[in-house]
Each structure stands twice: as C-alpha cells, then as structure tokens.
Amino acid sequence: MDSKYMINSNGNSGLASVFPVKRKIEPMKEQNAIKKPNYTPPKQQQSPYKNNVLANNKRNSIDQDRKALPVYNCRQRILKEVEANDTLLIMGETGSGKTTQIPQFLLQAGYASNGIIGITQPRRVAAITIAKRVAQELSSNIGDTVGYTVRFEDTTTERTRIRYLTDGILLREAIGDRLLRKYAAIMLDEAHERTVNADVLFGIVKEAQQERRKHKMPKLKIIITSATMDIDHFGSYFNVKGMYLEGRTHPVRVMHAKEPQDDYIHAALVTLFDIHRHEPINHDVLIFLTGQEEIEALAQQIRQLARINNSGPSDVRVFTLYAQLAQGKQLECFLPVPANTRKIVLATNIAETSITIPGIRCVIDCGYVKEKSFNPSSGLDILKTVRISQAQAWQRSGRAGRDAPGKCYRTYTKNSMEFFRVAAQPEILRANLTSTVLQLLALGIDCTSFDFIDPPQQEGVQAAYKALEQLGAIKSATVPSITSSGRLMAQYPLDPRYAKLLLSAPTFGCMEEMLSLVAALSSDNVFIGHADKSELAALAHAKFQSKHGDHLTLLNVFTTFQKTEKPKIWCHDNFLNIRNLTYARNVRNQLAEISSRVGLVSNSCGDNSDAVKKCLLTGLFDNIAMLQKEGHYLTLSGRVKAKIHPSSVLHGKYKPQCILFTEMVKTEHNFLRQVTEISIEWIEEVVPSMKYIIK
Ligand code: ADP
Ligand code: MG
C-alpha cells in the first residue's frame, strides 16, 4: 500500500489508529438518482481557464478572463433589457460574472453619470473581495472608481461610481433618504440568500423607484441577481419577467457516503487525502465546512499531515475563507499555487455562490451550515449548526464543475439528503427582528403593513415589539410608535440593545467605558490562544483578568491597548490580536462621534465597575442567568438550561449566583459566552419590568 498519506485506496484510513474512520464514500450509481430541482443540464464546453492563468501577464490575463465569462456574451442583451425595463431579474450560474461584470457594463453604458451604482452583498467579506477584484480589473485603486462600504468601514470617495456595500448599510442609508437619491442603479445581489435586510430592501427600493417616478425625479434602475432565485416568486413581487443568462457548467459526478458519518470533519479529512492520492495534482479541492473554528482546526491538521508525508513530488497548499478572516488573507485563495501543488480551500457557505475560486475540480461537502435563529419564547438568538438545503447541496456540488468536469463528495448519505429542506427558509421567518423593526419604525414604516416579499410571522414581530418596549424604543408593544430614545438607537449601526447601553451610559457615569466596551464587543476575539504556547498565552492574559468576569476583562485589555505606545510589540507579547483591537479602536471613534452628535455627555466611572455592570443590564436584561442547585444556570427569560463557556474567565472558578452573558452558543450544550457576575438586586433597580420573573 502506498502509505504517503496513509489512506488506502478504498477510502478507509490508514490513520485509523489516530482517527477512527468507519465508513466509505461510494459513487452514486446513477447520476440523476437524486432529482435536482431546476438544475441546468450540464453543457460540455472548453474551459477558458488554464490552471491559474494569473501567473504571467496579469493585465492581459485579467482581460482574457473577463471576456471569457458567460455574462460577457450577454452584455448587449443585458444593457438592452436595462434600458427597456426599470427593474430586471437576472439569473445566472455562480461564477458567470454577474457581480463583477454587470456593474462595469452599467458604468460603461453611462448609467453612473446621474448617481452611483450600488451593489449589495449579504456578507461583508464578499463586498470587500469583490470590490478589490473589480478595482483591479479597472486598473484603479479602491476608493477611486470602485469602493466598498461595510459596517464601520467606508472606502468610497466622491470619485467612486461603483460601490459594493452590505445590505445592512444600504438599509441604514435609507433611514437618511428613503428615495436613495444618491443611486442611479441598485443591484440587489445574491437575492436567493434572502437575508432579513435584503427582504426589507426589496420593499424599500421598489418604493423608492415608484416615488421617484411619481415625482419625475431621475430614474432608479433595479437589478436583482442570483444564482438560484425563485424567479416566479420574485417576478410576481416586482411585477417583471426574469432573464436567464446562458450558463456554463460542466458535469459533476456526485458521490455520497455509504453510511451516515458521526464526524463529518474527519470524513472530509479522509476523503481529501484519498482525492490527493488519486486525482491529478492540478485538480484543486474546495471543502465546505460550517465556521472559523473547524476550518482553522482542519487546515492545521491537513498542513501537519501533509508535512509529515511530503516525501513525494507533490504537495498541498491550504487556504481558508470565512467571514471573520483577516482582510489581507481574504484574497489569498485566488492566488496561483506553484506547479505540482494542489490548492485546498476550506470555506464556509460563502463559497457557495458569493465567491468563485477558479481551478476547483473537487468539492467535499459536509452538508451543514451555521444558522442564527431566534426563539421568540425564550427571547434568545442561538447559533446552531443545521443541515443545508437541497438547493445548497446542488450549489456546492456545482462549484466543482466551474472550469471543467468535476467531482463532488458528500459526507452524508443519499437517503439523508431526501430529508433536507428543498430550499433554505428566508431568514425573516426565523430571525430576531428587533433591529429590523426598529429600523422600519425609524423609516416611518409599520411592519404590519409593509409590502414584504414574504411577511414575517406575527409571533416574531410581537417579540420584537416587546423587546423594543423594554428598551424604551417604542411607547408600548400595543402602540408601536417610536420614542425619541428609539430614534437615537436607530442612529447607531448596532443592535438596539447595544445602542441602548450607550444611551444609558451617561446616567451611570460610564460613557467612556461603555464606548470602549461596546466597540470591543463589536470586534472579533482579541485574545490569541496559541495552541503550542497556550500556557504562556494564559499567563499573559491573566494580567488583564477581572474577578467580575469577561466584560471587565475585555475592557481592561482595550483600555491598556489604547494607552500603549508600541501596540505591535505589546500585542505580540501579550498574545493579543492587534487587527481586532485596532478595528475596535476605529469602531470606538465612530461610536464616540455619533454619541457626541446626538448630544450624549461624556463621563467616566474610573474604577467603579458596578457602574459598568449596572449599565450593561439596561440593554442585556434578557441575557441573565441564575445558578441552580444542580450546578447549571437557567436563563431568566425563557428558562433555558446552560453552562458557562470554557473561554470565560469565570469558567472553572466559583460560580456566581447571578450572571449576565453576551450570547448563547449551542453545540452539544448551551454555552453562555462572555459572562459577568451581577447582583440580583440590581435587576429590579435597573430594569423594573423584570422584577416579576425573578423568583
Ligand atoms: P457571479 O457573480 O456570477 O457568481 P463573479 O462576477 O463573482 O460571478 O465572478 C466572475 C469570475 O471572476 C469568477 O470566475 C471568479 O473566479 C473570478 N474572480 C472573482 N474575484 C476574483 C479574484 N479576486 N481573483 C481572481 N478571480 C476572481
Ligand atoms: Mg455573484
């Protein structure tokens, strides 16, 4: 047996002693055994991509690449349709060039002379990487013709004509100007994702277009694009016909696991090395996983295993792609790899339709995705790993056939797939609507009469009203009219609960502290837990530890960071993430600016940590948990059983009677992340409406 990667030919692993793998992947007997809804039959075509053509003459190769995109042939047709119709639905395979090319067509055709072209993306990372790519295609710098705007970061200037932005940003802009006068055209991209913000935007842009028409103002062109849009549903909502782009996909041979896998990450690892042994070295691999942690862990494992076994001629390069990835690393997966090297990309569902990586010939699909859902009865948002939909499974497998015929290995059985949802549920039907409802109210829109493509459930709207009433953002849940304090909350690009913390801070005398804390909480993890230096890291982090819990610990870190003169060395020595801390500093500046604009006074409580803790209660009162005799915690709202997350400074120490937490994460248990000890008497003092539920 060739033991290079210690995986034998039948897919069973020679690693069995380390990682017991029980099952094999079998080829699907018939290609169409599972019916794919609306699947364009694959067409055999020559790929324009030699592997990683970007290597040599970059400019020419970029131009060649662009001209080879399917959307390029449809340029005239698209422009003709845009001219004839104010709203257009365009459906085309992922990677056909919709997001990067259509805005450039519009620009060249002169649509940006009366305003800018805005393209919304559900994800920040997609908005950034795509804007960078388009700037490169136009040989310009970000901020010139092309720019992007994401929360807390705006790179656009008055020269910018094409602007990629998240749907959340456009929605916020609508609060300032419901007619979106700045825009000549808006492309609502990735419409099939059906994020809450996008769903609301469909209604907002539709209305803006009508109003502008009514008042004889310059037209607003709307283009809705997607890879898998339900065109009838969208068509009847916008009252227009859809346009299909000539696709270009190659056949993908789909294989399913023979038996259910208990550990999809391990199954992916084994499958990968099996592919590596059997498939040509220039066939790149894309692995779909659910999130940062497992992606980084598996990437490390693959790199280690490849290093141990790199006696042969071939090698692997591992790249990762997920929302929280450092900006500099986001474009790395597009870079060419040396000859005789296999590119392996580990990504979340971001690579499903938002971002297309050239050269992928094999896909490994774990069949899961992380989804945030809201439980109106417990009032809590929970991040859960759930099964993907059948539509997502087909999108994922399609990624292997972008350049040439490919293969897709699904680490789940053919049978189990029949139980997957046909299509993902629109987020509005399962999300926490507090923020959305407040934004709509700030726009003067009553949620119950708004023209939604799919209206949210009444239960979710009621829960949002209740939360907003408790926050003081609306008069009452039965009379949902926005209060002046609600208007102020809507000014912040924050969840209303966090905006509330800032609004209450002056009363508790802790504005400076709260600005820092909310900014630090808006950033990703600032602590680096070096796997091989974990003791040193723990020792360094211990210096900042507050006995009160994680919020004050985080505040200590951030305040010390703000004071240090040599942040780079300081962060390195203290195992802290300088990028995330710098991001938090930037966020703090922006929050401080908004706060002074709305007239909040600035004050500081110094060492009085009770002030900070009490203030936290004014926004996060739904996130309180009480210790039970059995040793676990029970949340006050909803009575959910939970434990303190292992990453907390309070984990493994004494257990306070009453704690406040930032969020609940559901894995094998419910874990409370970022917790702080509070005093039960404060609840009644700070949030009188809660007193009825304290036992
Ligand atoms: P669509 O929106 O239809 O899915 P895109 O416009 O996003 O398609 O992508 C068009 C092509 O551009 C894809 O083949 C993709 O691989 C390529 N592409 C996009 N961004 C980059 C990048 N940063 N580097 C290299 N190629 C890229
Ligand atoms: Mg796209």
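Analyst: One term comes before the rest: a residue counts as buried when its relative accessible area is under 20%. Keep in mind that this model is predicted.

Now take strand E13, residues 341-347. Seven of its seven residues are buried, so the strand is largely enclosed by the rest of the structure. Which way do its residues point? Thr 341, Lys 343, Val 345 and Ala 347 point one way. Arg 342, Ile 344 and Leu 346 point the other way. Both sets are buried. Notice that Lys 343 and Arg 342 are among these buried residues.

Next, the partners of E13. Strand E12, residues 315-321, is joined to E13 by seven bridges. E12 and E13 run parallel. Within this pair, Thr 320 stands opposite Leu 346 of E13. Strand E11, residues 284-288, is joined to E13 as well, by four bridges. That pair is also parallel. Here Leu 286 has Val 345 of E13 as its bridge partner. Recall that Val 345 and Leu 346 point opposite ways from the strand.

A helix gives a second case of burial. Helix H13 spans residues 390-398. Eight of its nine residues are buried, so H13 too is largely enclosed by the rest of the structure. Its buried residues include Trp 394, Arg 396 and Gly 398. Gln 390, Gln 392 and Gln 395 are buried there as well.

Now step back to the nonpolar cores. In soluble globular proteins, nonpolar side chains tend to be buried together. The largest nonpolar core in this model has 108 residues. Phe 202, Met 514 and Leu 591 have the most contacts inside that core. What does Met 514 touch, leaving aside neighbours within four places in sequence? Its contacts are Leu 501, Leu 502, Ala 505, Val 612, Cys 615 and Leu 616. Another core, of 58 residues, lies apart from the largest one. Tyr 111, Ala 126, Val 150 and Ala 400 are among its residues.

For contrast, look at two loop residues. Most residues other than glycine have a negative phi. Lys 216 has a positive phi of about 50°, yet is not a glycine. Lys 216 sits in the loop between helix H7 and strand E8. Its relative accessibility is 77%, so Lys 216 counts as exposed. Arg 639 also has a positive phi of about 50° and is not a glycine. Arg 639 lies in the loop between strands E19 and E20. At 39% relative accessible area, Arg 639 is partly exposed.

Note on methods
Residues numbered from 1 in each chain as written. Chains lettered and ligands numbered in written order. Predicted model: local features only at pLDDT ≥ 70, side-chain atom pairs only at ≥ 80, totals over all residues. Heavy atoms only, no water. Core = buried A, V, L, I, M, F, W, Y, C linked by side-chain atoms within 4.5 Å. Buried < 20%, exposed > 50% of the residue type's maximum accessible area, 1.4 Å probe, protein only. Contact = heavy atoms within 4.5 Å. Pairing = 2+ DSSP bridges.
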